Amino acid sequence: MSAKKEPSVWNGFKAFLMRGNVVDLAVAVVIGAAFTNIVNAVVKGIINPLVGAIGTQNLDNYSSCLKAPCGRSANGTANSGVQILWGSVLGATLTFVTTAAVVYFLMVLPMSKYLARQAARRAAREGTKEVVQVSELEVLKEIRDALLAQRGSGNHER
């Protein structure tokens, strides 16, 4: 009896890396990192000026003081009192919503429409193949029946 050889750790690692979902995930991370610059530019160039028309372009400046006296240093950190920096949360939320909207409308929606068209084309091709196969089957049955009829009529004439 020969012992079953276990796959090596290296071969298992290579198989793991070559799986489709790992490669897809790596591509998604790289694209996401590159896409971050675009989203940040949209937020800084469009969203912040729109908010700036109402107040300030830097949402980090919006805060509420829970325990007075509240003071802030030059770099924006609280140096006295208890502050709620709700402007930072609002800015991060706007960035998230903008990112989600851009990803959905520029990537997810077009890809889902493309995949739906591909599925419809595939279904149409499958439907055509079934019709052709059914019609070929019907023709073959008719040929068989005709041959059986000829045999049957030939046997009676002899």
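The points below cover the basis of the model, its aromatic pairs and its surface patches.

1. **Basis.** This is a predicted model, in which local features need pLDDT of at least 70, side-chain atom pairs count only at pLDDT 80 or more, and totals for chains, interfaces and linings use all residues. Residues are numbered from 1 along each chain as its sequence is written, and side-chain values use heavy atoms, with hydrogens and water left out.

2. **Aromatic pairs.** A search of the whole structure turns up 2 aromatic pairs. One is Trp 10 with Phe 13, a tilted pair at 6.1 Å centre to centre with 40° between the planes. For pairing, ring centres of Phe, Tyr and Trp (its six-membered ring) lie within 6.5 Å; planes under 30 degrees apart are stacked, over 60 edge-to-face, and the rest tilted.

3. **Where that pair sits.** Both Trp 10 and Phe 13 belong to helix H1 (residues 9-18), 3 residues apart, or about one turn of the helix. Helices here are DSSP runs (H or I, at least four residues), numbered from the N terminus. Trp 10 is exposed at 55% relative accessibility, while Phe 13 is partly exposed at 40%. Buried means under 20% relative accessible area, exposed over 50%, and partly exposed in between (1.4 Å probe, protein chains only).

4. Tyr 104 is partly exposed at 39% relative accessibility, and Phe 105 is exposed at 54%.

5. **Nonpolar patch.** Tyr 104 and Phe 105 are also part of a nonpolar surface patch, along with Val 23, Val 27, Ile 31, Leu 106, Met 107 and Val 108; together they have about 740 Å² of accessible area. Helix H2 (20-54) and H3 each give two or more residues, and H3 gives the most, with 5 residues. Val 108, found in helix H3, is partly exposed at 40% relative accessibility. Patch residues have over 30% relative accessible area and no salt bridge; like charges are joined within 9 Å, and nonpolar side chains (Val, Leu, Ile, Met, Phe, Trp, Tyr) within 5 Å. A salt bridge is a side-chain nitrogen of Lys or Arg within 4 Å of a carboxyl oxygen of Asp or Glu. Areas follow the Shrake-Rupley method with a 1.4 Å probe.

6. **Positive patch.** Which residues form the positive surface patch? They are Lys 113, Arg 117, Arg 121, Arg 122, Arg 125 and Lys 129. Lys 129 lies in helix H3 (residues 86-157) and is partly exposed, with a relative accessible area of 48%.

Terms used. Lys and Arg count as positive and Asp and Glu as negative; His and the chain ends are not counted. The place of a charge is taken as NZ of Lys, CZ of Arg, CG of Asp or CD of Glu.
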